[in-house]
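Welcome! Let us take a guided walk through a protein, starting with the whole chain and then stopping at a few places along the way. Keep the picture in view as you read.

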Amino acid sequence: MKGKQWGTLIGIIILVFVVGIGYLFSRNSDLTSGGKGNITVVGNLGGEKIGLFSDEEIIKILKDRYHITVDWRKAGSIEMVKDYKQGPDFLFPSNQVALELFKNNHAEEIKGSEIIFNSPIVFYTWNRIADALIDQGIARQNNGVNTVDTESLLALVNEGKSWDDIGANKNDPNSKLYGKVTIISTDPSKSNSGNMFAGLYANLISGGVVNDSNIAAALPQIKAFFQNLGYLEPSSGDLFEQYLKTGMGAKPIIVGYENQMIEFAEDNPAVWEQVKDRMRVLYPVPTVWSSHPLIALSDNGKKLIEALKDKEIQELAWKKHGFRSGIVDIQNDVSALGIGNIPETIDSVIAMPTPAIMDQIIQAVQ
């Protein structure tokens, strides 16, 4: 073989070698990221978003359009930021207080954050109790939407009024509600809905948004309120499930998110038909918004933020799971829902206390 031919042969061998190495590298990369072109994004999210992240339509959109598979773990919003350990691509708590608490110790790890969904805090109760509150002038119904004066309702609890006192038993003497008027939340030191209700409670007993000047005076009353509730569920999803399973005697009024009833009606149409005339949602006046910020801790986490802003995902999140959009140019149409009695907008809202104040409240109720 002549020198020129040897040179050509060696060149071909080198080219084949380089192409082979490139193929193997690419294949290994695909295998470690969950498949060709796909990435697996690992993170923690609140229990109220499990239905959304288990939705086959949403899973398909994430995979087909954005090549993303989400590997999630359930965790309370406060729990996930307080007990954080390095590793996940994202955290998805249910309020901005959790984001600010996370920033206090891990700001340098945040690659980006954005509010993706919103849902107001509401009270879930039963028709008999709602009717009694309407008779007392504490709740009202307007165009099918039930609202309740939050401060007056809390006053019933703080004054130790009984269900008899507010007339909840007068029409049902054979199915008597025992004890005092109570509002049951999740554990404020672990779960977002309980945490936000604690902030709302602190505001209303302080005559406005509680601050450095009056938090010390409010803390003993806040602590006593939650101690009197006894054991508290660590997850909003668990509390809502217990509300439905155990009924009015065990869970007369609970704190939850608006989206829970919408999602339940969508997922359980037969059961919904059985309970819809007995369960009532009361919109507190004022209430607080539960805003859901996704905290990206890696480039893959940032990709998930962009993917969840997809208009079709936002539409499915509203129609099937009850999450109002956190994206500015997307509106939520209540007529698109399969159930009524949902207000177009939530207008009576009070700001949450600052993260520093909420941290004091969490410490007090732990």
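What follows is a tour from the overall make-up down to single side chains.

First, please keep in mind that this is a predicted model. The protein chain contains 15 helices and 10 strands. Of its 366 residues, 50% are buried. Its exposed surface comes to about 17,400 Å², with carbon and sulfur atoms supplying 50% of that area. Now think about who touches whom. Among the contacts with a separation of 6 or more, 76% are between residues 24 or more positions apart.

Our next stop is strand E9, which covers residues 289-296. Is strand E9 largely enclosed or left open? Here 7 of the 8 residues are buried, so the strand is largely enclosed by the rest of the structure. Look at the strands beside it. Strand E4, residues 112-126, pairs with E9 in the antiparallel sense over 8 bridges. Within that part of the picture, you can find Asn 118 standing opposite Ser 291 of E9. Strand E3, residues 90-92, also runs antiparallel to E9, and 2 bridges connect them. For Phe 90, the bridge partner in E9 is Ala 296.

Helices can be covered too. Take helix H11, made of residues 258-267, where 8 of the 10 residues are buried. The buried ones include Glu 258, Asn 259, Met 261 and Phe 264.

Now zoom in on Asn 192, which belongs to helix H8 (residues 192-205). Why does Asn 192 count as buried? Its relative accessibility is 2%, and the cut-off for buried is under 20%, so Asn 192 falls on the buried side. Its side chain makes a polar contact of 2.7 Å with the side chain of Tyr 257. Leaving aside residues up to four places away in sequence, Asn 192 touches Ser 77, Ser 94, Asn 95, Tyr 257 and Ser 290.

Let us turn to the aromatic rings. A pair of such rings is described by the distance of the centres and the angle of the planes. In the whole structure, a search finds 14 aromatic pairs. One of them joins Tyr 84 and Phe 102: the ring centres are 4.9 Å apart and the planes stand at 85 degrees, so this pair is edge-to-face. Tyr 84 lies in the loop between helix H4 and E3, while Phe 102 is in helix H5, so the pair ties together parts that are 18 residues apart in sequence. Tyr 84 and Phe 102 are both buried.

Another pair, Tyr 201 with Phe 225, is tilted, with 4.5 Å from centre to centre and 35 degrees between the planes. This pair links distant parts of the chain, since Tyr 201 sits in helix H8 and Phe 225 in helix H9, 24 residues apart. Both Tyr 201 and Phe 225 are buried. They also belong to a cluster linked by ring pairs, together with Phe 123, Phe 197 and Phe 226.

Rings can have charged neighbours as well. The charged end of Lys 49 sits over the ring of Phe 92, 4.6 Å from the ring centre. Likewise, Lys 176 lies over the face of Tyr 178, at 5.7 Å from the centre of that ring.

Technical notes. Residues are numbered from 1 along each chain as its sequence is written. This is a predicted model: local features need pLDDT of at least 70, side-chain atom pairs count only at pLDDT 80 or more; totals for chains, interfaces and linings use all residues. Side-chain values use heavy atoms; hydrogens and water are left out. Buried means under 20% relative accessible area, exposed over 50%, partly exposed in between (1.4 Å probe, protein chains only). Helices (H or I, at least four residues) and strands (E, at least two) are DSSP runs, numbered from the N terminus. Two strands pair if DSSP finds at least two bridges between them. A polar contact is a pair of N or O atoms within 3.5 Å; within protein, one must be able to donate a hydrogen and the other to accept it, and residues adjacent in sequence count only if both atoms are side-chain atoms. Contact means heavy atoms within 4.5 Å. Rings of Phe, Tyr and Trp (its six-membered ring) pair if their centres lie within 6.5 Å; planes under 30 degrees apart count as stacked, over 60 as edge-to-face and the rest as tilted. A charge sits over a ring if NZ of Lys or CZ of Arg is within 6 Å of the ring centre and within 35 degrees of the ring normal. Accessible areas come from the Shrake-Rupley method with a 1.4 Å probe; for residues, only the protein chains shown count as cover.
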